[in-house]
Amino acid sequence: LNENNMFPQNCETTICNEGFVGLWGGCFDIETTTEIQIYDNGLNAPIPSEIGSLVNLNSLSFFTETNGNIPPEIGNLTNLNSLILNCNLSGGIPSEIGNLTNLNRLDLYGNQLTNNIPSNIGELQNLDYLALNDNQLNGQLPPQIGNLINLEYLNLSNNYLNGEIPFELGDILNLKDLFLQQNELNGEIPNELSLLDSLY
């Protein structure tokens with residue numbers, strides 16, 4: 001970041017002092033950086049793998065046009081409580097996302113993410129908010145999603161998900177908001193969903 005708290009136009013590799021990591025042309029202190037929020041600023045640069053060095057991050061939020069994939073090194077950020085990436089990302093959701101067991105909020109809506117939802121998303125049992133809507137995700141819903149017993153909000157709409165709705169969704173007893181529309185799901189709605197008394 002420059003003195004105006006803006007990203008420099010040249011986002012090539014930055015050489016930083018020991019204890020810092022170079023991202024988008026700036027240097028971030030590994031020890032003290034706990035939050036990064038990037039809003040629409042014309043950055044248009046990928047999330048570099050070096051992000052995984054900021055192991056003390058609690059919150060990482062992107063609200064800007066960028067490009068590239070979610071780097072698997074994001075799985076190193078095990079102190080994250082909130083991960084919000086609404087920034088035109090492509091590729092799949094890396095399986096390493098299952099390492100982020102302290103997450104309360106995972107919001108990846110409005111990207112161009114493809115492939116299946118990884119089954120180890122069921123490891124994120126502290127989640128209360130999960131939004132994967134408005135992507136290009138396909139395949140069947142993993143039954144492990146029923147392990148997310150603290151979820152209150154689940155939005156998987158506007159994808160290409162197929163197969164039947166897993167009955168394990170009925171295990172998420174705190175669920176209040178459930179959005180599955182605009183997919184390619186088939187079969188019957190599981191009776192287990194009738195147990196979700198909190199659903200609006």
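Trainee: Is Ser 119 buried or exposed, or partly exposed?
Mentor: Ser 119 is partly exposed, with a relative accessible area of 41%; buried means under 20%, exposed over 50% and partly exposed in between, with a 1.4 Å probe and protein chains only. Keep in mind that this is a predicted model, where local features need pLDDT of at least 70, side-chain atom pairs count only at pLDDT 80 or more, and totals for chains, interfaces and linings use all residues. Residues are numbered from 1 along each chain as its sequence is written, and side-chain values use heavy atoms, with hydrogens and water left out.

Trainee: Where is Ser 119 placed?
Mentor: Ser 119 is in the loop between strand 8 (112-113) and strand 9 (129-131); strands are DSSP runs of E, at least two residues, numbered from the N terminus.

Trainee: And what does Ser 119 touch?
Mentor: Leaving aside residues up to four places away in sequence, Ser 119 touches Pro 142 and Gln 144, where contact means heavy atoms within 4.5 Å. Its C-alpha is also 8.5 Å from that of Leu 141, 22 residues apart in sequence.

Trainee: Switching to Ser 82, buried or exposed?
Mentor: Ser 82 is buried, at 16% relative accessible area. Ser 82 is found in strand 5 (residues 82-85), and its contacts, again not counting residues up to four places away in sequence, include Asn 58 and Arg 105.

Trainee: How many helices and strands are in the chain?
Mentor: The protein chain has zero helices and 14 strands.

Trainee: What share of the residues is buried?
Mentor: Buried residues make up 44% of the 200 in the protein chain.

How values were computed:
Helices (H or I, at least four residues) and strands (E, at least two) are DSSP runs, numbered from the N terminus.
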